[in-house]
Amino acid sequence: VQLQASGGGLVQAGGSLRLSCVGSGRTFSMYYMGWFRQAPGKEREFAAAVSRNGGSTYYADSVKGRFTISRDNAKNTVYLQMNSLKPGDTAVYYCAAADFLETHPSTYDYWGQGTQVTVSS
């Protein structure tokens, strides 16, 4: 599956952004979908994941209560709604697809190109 992420930008602390990731190729609904992020000088870290049918979601503690992951399989799209953004959320955000629900990036087989999110104080 090929993935294309979009929706990043510059936002003030406390603001919101919604990221989108459109998939093409093999059946999108076959995959668990995740969002990861990578800040400069840091390792890529898990943010959120959603099950194949969207019925189950999982979040890193650092984003729980502020971010919401969802998917629309009819549109081959997964979303990440980010509210109450903090400067510490500044990173390149990546969507990824996996055959199993995992939080480690090495277990994801397919990756989008990344979209920059910058939160100013």
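Arg37 has a relative accessibility of 6%, so it counts as buried (buried is under 20% relative accessible area, exposed over 50%, and partly exposed in between, with a 1.4 Å probe and protein chains only). This is a predicted model: local features need pLDDT of at least 70, side-chain atom pairs count only at pLDDT 80 or more, and totals for chains, interfaces and linings use all residues. Residues are numbered from 1 along each chain as its sequence is written, and side-chain values use heavy atoms, with hydrogens and water left out.

**Overall build**

- The protein chain has 11 strands and 0 helices (DSSP runs numbered from the N terminus: E of at least two residues for strands, H or I of at least four for helices).
- Its radius of gyration is 13 Å, close to the 14 Å from the globule rule for 121 residues, so the chain is as compact as a globular protein of that length (the radius is taken over C-alpha atoms, and the rule is 2.2 Å times the number of residues to the power 0.38).
- Along the principal axes, the C-alpha atoms fill a box of roughly 40 × 25 × 25 Å.
- Of the 121 residues in the protein chain, 43% are buried.
- Among contacts with a separation of 6 or more, 57% join residues 24 or more positions apart (contact means heavy atoms within 4.5 Å).
- The accessible surface of the protein chain is about 6000 Å², and carbon and sulfur atoms own 47% of that (Shrake-Rupley method, 1.4 Å probe; for residues, only the protein chains shown count as cover).

**What Arg37 gets up to**

- You'll find Arg37 in strand S4.
- Its side chain pairs with that of Glu45 in a salt bridge, 2.7 Å from N to O (a Lys or Arg side-chain nitrogen within 4 Å of an Asp or Glu carboxyl oxygen).
- Glu45, at 35% relative accessibility, is partly exposed.
- The Arg37 side chain also makes polar contacts with the side chains of Ser62 at 3.4 Å and Tyr93 at 3.0 Å (N or O atoms within 3.5 Å; within protein, one must be able to donate a hydrogen and the other to accept it, and residues adjacent in sequence count only if both atoms are side-chain atoms).
- Leaving out residues up to four places away in sequence, the residues that Arg37 touches include Glu43, Val63, Phe67, Gly88 and Asp89.

**The other salt bridges**

- The count comes to 4 salt bridges.
- Arg66 pairs with Asp89, with the closest N and O atoms 2.7 Å apart.
- Arg66 sits in the loop between strand S6 (57–59) and S7, and Asp89 in the loop between S8 and S9, so this pair ties together parts 23 residues apart in sequence.
- Both Arg66 and Asp89 are buried.
- Through shared partners, salt bridges join Arg37, Glu45, Arg66 and Asp89 into one network.
- Asp61 and Lys64 meet through their side chains at 3.2 Å, N to O, and Asp61 is exposed, with a relative accessible area of 65%.

**The nonpolar core**

- In the largest nonpolar core, which has 34 residues, those touching the most other members are Leu3, Met33, Trp35, Val78, Leu80, Met82 and Tyr93 (a core is a set of buried Ala, Val, Leu, Ile, Met, Phe, Trp, Tyr and Cys residues joined through side-chain atoms within 4.5 Å).
- Elements giving two or more residues to this core include strands S1 (2–6), S4 (32–38), S8 (77–82) and S9 (91–98).
- S9 gives the most, with 6 residues.
- Beyond its neighbours within four places in sequence, Tyr93 contacts residues including Leu19, Trp35, Arg37, Leu80, Met82 and Val117.
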